[in-house]
Structures are given as C-alpha cells and as structure tokens.
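Let's go through this one as a chat, asking each time what stands behind a word or a number. Here is the structure.

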Amino acid sequence: MTSLLSIHDLHVSFDTPRGLLQAVRGVDLEVPAGTSVGIVGESGSGKTVLSRAAMGLLQGKNVQRTGTVVFDGKELTALPPDEVRNEFGTGMAMIFQDPMTALNPVRRIGSQISEGLRVRLGLSRADAMKRSAELLALVRIPDPQGMLRKFPNQLSGGMRQRVMIAIAIACNPKLLFADEPTTALDVTVQAQILELLSELRAELGMSMVLVTHDLGVVANHTDIVTVMYAGLVVEQAPTRRLFANMKMPYTEALMKSIPRLDQPSGGRMPMIAGRLPDPTAPEPGCPFAPRCPYVVDKCRSSVPPLVSDGDGHSYRCWLPLGGGI
Amino acid sequence: MRKALARLDLFTKVCAGWLSIVVLLAIVGPYLPFTDPRESDIEAMGVGMFSKGHFLGTDSNGYDLLSNVITGTRLSILIAVVSVGVGGLIGSAIGILSAYRRGKFDYIVSLVFNILLSIPNLVLGLALVAILATSADPNEPVSSNRRVFVILISLTIVIIPILGRIARGATLTWTNREFVTAARSMGMRDREIIMKHIVPNVLPSIYAVGFLAVGVVIVAEGSLSLLGVGITDGISWGSMIARVAGEFTYAPHSMYVPVTALALTVIACNQVGDFLRSQLDKREGKI
C-alpha cells in the first residue's frame, strides 16, 4: 500500500525566551491513501504542531523544522513555498479547532466558500457560488441558497463547523487534516460532525488525519491510531488492534481517564497524576516515566526506542503491557 | 443599509445633516448668488448680525461674513478631506503591511511612527510649512497655490502616523486569527489574504479614526492660519479667524461665525465617525 502522506523524522521547535521549546521530537507518520489516521494525545503533546508543520503552516523566524514530509510523491520540505501552496486546497486542506474564530466575521458565507474555488480552481464568480451551494448541501446544511448570504455570527457553532468543512473540501482535497474538529462543540453536535466527516470521506474518497484528545472519537472514526506524548510517538497501531491490546502504559492511562456512565456517581474523576514534562528541558529517559505506574529504573535513564511487533503495531516502552515481543 | 439608517438617533441625524450641508456648500458655494467675499462694503463696516444686506453681518473691514464663511468651506473641507484621504491611504497601507510582515520593516515603521507621534500635530505642521513654504528670495512671496499645496502635504504627513498606527494595531490582532491560517491552508497568497481578510476587518477602525482626523485637520488648518503660516491670502475658515483675531473687541461676531462653523463641523465628524464604527462593529456579533 502506498502512502499518500509520509512524514519522516520530523522535528519542530520554537525559539522562546525560556529556551528552545521542542514541540515535536522526531515523528514518523504514514497516511496510506484512503485511510483515516488518528493522532491522540493530551494538550501540549505536539499533535496540533505536528499537523500544521506537516502542511508547512507554521511561520515565523522562531520556528525550526527539520525532517521530510512527502505528500503524493512530492517532497514538500524541499519545495519552494510557492509550489507547496499549489498543493493546498486541492491536495490537502485543514479544518480548524474553533469555528468561532476560523471564519472571517465581516464576509458572507458564500464569498468565503467560493474564495478557494476561485483562487485554486479558477471558477467564475457565478460558478463558484453555484458550487458553494452544492457544497453546503453536501455538508447537510438546510437552505444552502439562504446560507450563502449569511454572516458567520448568524450561525450556531455546529453550523459554522459545517461551513468550515465545506470550505476545506471545496477543491476536492486528497487529504484532510481535521485539527480537533469537535472540541469547541457540544457532545450531540460532535457526533453529527464526526459522522458527517466519515460519510464525506467515503463519498469523496479522501484520506484524513484526525487530531483529537478523545480516544472515543478515534475508536469510531479512524483506521490507524498514533498516540503522541511530549512530542514523541509512543504507540501506533491499527485502531482495532490498539484497543484490543494496548502496549503503552500512557495509552492505558488515557483509556482509564475517560469518564464512564457505569461508574458510581460522586466518585473522583479518573485522571493521570502529574503533568507533561517541560518541553524546553527534556530529561533523559522515557518522558512518561514520572507519571507511569509501572516505572522502573531503566525508564528514567534512557528513552525506549519505537519497536514494532512486525504486524503494524509499534510502541515505545521498556515494559510493555502484556509482555514484549 | 435601510436598517442602519433607522437606528440613527436624532443627534447623529443632525450631525450627518450638517456634514452634508457643509460638503454641499464646499462644492457649489462659490456659484451661489452671495455677495463677493472679497468685496468690502464701505457703507457697512463691522455691522452686526441680521443687518440689511448682510445676514451674518460684516467684519470691521466690511467683508460679508456669510459669503466668506461659505466660500471658506471649500478650502477648509478640501484640505481636510484630501489630507485625511491621502494620508489615511498611505498610513493604513504602511501600517497593515508592517503588521502583516513583522520583522525589521515593522520595527523601523513603528519607530518612525512613534517619533512623528511624539511631536505635537501643530508643531510638526508648523515646522513642515516653515521648511517647505519659504521661498529662496525673501522679496518674492510664496504663491497662494503653493501655500495651499504645502499645507496639504504637511497635514498629510501629520495624518500618516495617526492612521498608520491604528491600522497596524488592528492588523496585529486580525493576523493572528485562525481564519488567516485557514485562508493560507487553502493556498491563498499574502496579497489576497491582506485584501480579502485583513482590510475588511481593519476598515471600521480606520473609518472611525479617519473622521476624528478630519476634525483634527480642520482645527490644525485654522491654528496654522492663526499663527500666520497658513493660507494668508486665500479664503478659508482658518484664514478668516486669523484675519479677524485682532478685532475681537470691536466686532466679536466676526470671530463667532467661522469658529461656530468649524466647531460644529468637528463635532459632527466625531459623532458620525463614532456611529460608523458602532455599526460596522456589530457584524462581529456576540453569542
């Protein structure tokens, strides 16, 4: 199976007043064509930075990026910005976390959707508007014609996220980055949006990278899961296999921290004690060691390598749950 | 638009009305059948308001105040609109670009803006006029047109950092919004992002401050004339004030007329600017 997107040894760091902040520390990621890959981790684990760095959206003098990103046979990290831009919209597109800020407040929905169509596909104004209405219908918005003339502040959060999706899929991208697409929405709308994304993916044959902190979301909507912690990939496996047989204590801790309805009420919320290590001063050893219930001396002295069991399941742990290879 | 008009309160309506009259007079004023503003009526020097043939009276030299204030509208408004228009355009272009690009260019632009802003408007205007409008030969006076032109340029330079800094500040907040990143992720170029995403959001604050700046410029033109470096031989509100300043004791009404016109126009500009901003801000919406 060929990969649509393949990221190799990607490092991203930011020059901050407190020192070099290493947000992503050598990540390898493959997105095979037609699949949906989930990136999971808690806040600050580097998942958003990873997706933005993959598209080359991080700008500024204080950003340092090394490693290679190959998309659709082209090595983006070696291309000049103008040619990378040619891939945007038609090759890859992104949905953002907060639909409240990701739409321009002073422009009508219609002109915001048709913008991409006109710039990237060279459609005329009338054609772009017609296509925009079709896209709005595609993301299940009632009365697409009326919606074209509205301003973002007249829409609810769920509707805005649908508009964001319509903008992102406007030019038929091959790969869609969804950066926490449902975090800013309430739970019932979350389910609808995720369902919509899965349906669109099937209809349009898109691949998707779904960035989220929610293992429940990943379970239902991805084929492969990558768990990130402190800028490192700590476990990677096909979704079913991961949930059946997790190897990394961090993944297990994430699982356990999901509140469950069948727990007695009034008890303490399950959580992972401690917090993420300081990204400006990484310590030797496994980054999860200070919080890990199974920690041994070896964990504190050297970082475990990412090992694979030869069956698509790889993990970064000296003492994998259920025994090693 | 109709809804916006319905929301106008009485004071804003009066202000907008006053501004329309002023602009109308600036355009057609000199063609209206009033007394020649340069013609002195020796029969009626310094007569009060509502005298026969002189509705607003005359100054102590017998010049009709009504026709002077109407003719003066043209130059005063021309100077205000052109310097704010040109200065605002240049200033906001520089401000938006520097905030969008950041880096060294932004550092230098901010530095220059701050230096210009630290000099009081009037002192800066005075210095520029003094430098630009002095002829090499002291016996040959600077022509009236050149003076107007120099004042225009000076006031434009005064306006550039005022609106430039407003545009820069507004751009800084909008450039960090996610829709700019979203536009970039769709493959839009910087030029398109600035024109379609930044400018429409920055415009409301520029409008509001632009109207305030019109008031500032009208006052500055008056003050420059009062100090004797403004338009000395043309007819503007400022030059009227300058001309009658010495006769305040004998014919105070000759001072009241141009000062009232000036004050009302400045107040109206501020009010209309405020109203425009509040209207344009509403689209941001609050949930």
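Q: What are the domain bounds based on?
A: They come from an automatic or database domain assignment. In this predicted model, chain A is divided that way into domain 1 (1–91 + 173–258) and domain 2 (102–170). The C-alpha centres of these two domains of chain A lie 25 Å apart.

Q: How do you know that domain 1 of chain A and domain 2 of chain A are in contact, and how many residues does each give?
A: Contact here means C-beta atoms within 7 Å. The contact takes 14 residues from domain 1 of chain A and 10 residues from domain 2 of chain A. On the domain 1 side, helix α7 (residues 187–204) of chain A gives the most, with seven residues. By class, that side of domain 1 of chain A has 11 nonpolar, three polar and no charged residues.

Q: What makes a residue buried, and what share of chain A is buried?
A: The cut-off is 20 or more other C-beta atoms within 10 Å of its own. Buried residues make up 46% of the 325 residues in chain A.

Q: What makes the largest nonpolar core a core, and which residues touch the most other members?
A: Its members are buried nonpolar residues joined through C-beta atoms within 7 Å. There are 160 residues in it, and among those touching the most other members are Val209(A), Leu176(A) and Ala213(B). Helix α8 (residues 190–226) of chain B gives the most to this core, with 16 residues.

Q: Why is this core said to lie between domain 1 and domain 2 of chain A?
A: Because both domains give residues to the core.

Q: How do you know that chain A touches chain B, and how many residues take part?
A: By the 7 Å contact cut-off, 24 residues of chain A are in contact with 18 residues of chain B. On the chain A side, α3(A) gives the most, with four residues. That side has 13 nonpolar, six polar and five charged residues.

Q: What does the predictor's confidence look like for chain A?
A: On a scale from 0 to 100, the mean pLDDT of chain A is 87, and 99% of its residues reach 70 or more.

Terms used
Residues are numbered from 1 along each chain as its sequence is written. Chains are lettered from A and ligands numbered from 1 in the order in which they are written. This is a predicted model: local features need pLDDT of at least 70, side-chain atom pairs count only at pLDDT 80 or more; totals for chains, interfaces and linings use all residues. Two residues are in contact if their C-beta atoms, placed from the backbone, lie within 7 Å. Helices (H or I, at least four residues) and strands (E, at least two) are DSSP runs, numbered from the N terminus. Ala, Val, Leu, Ile, Met, Phe, Trp, Tyr, Cys and Pro count as nonpolar, Asp, Glu, Lys and Arg as charged, and the others, Gly among them, as polar. A residue is buried if 20 or more other C-beta atoms lie within 10 Å of its own, exposed if 12 or fewer, and partly exposed in between; C-beta atoms are placed from the backbone.
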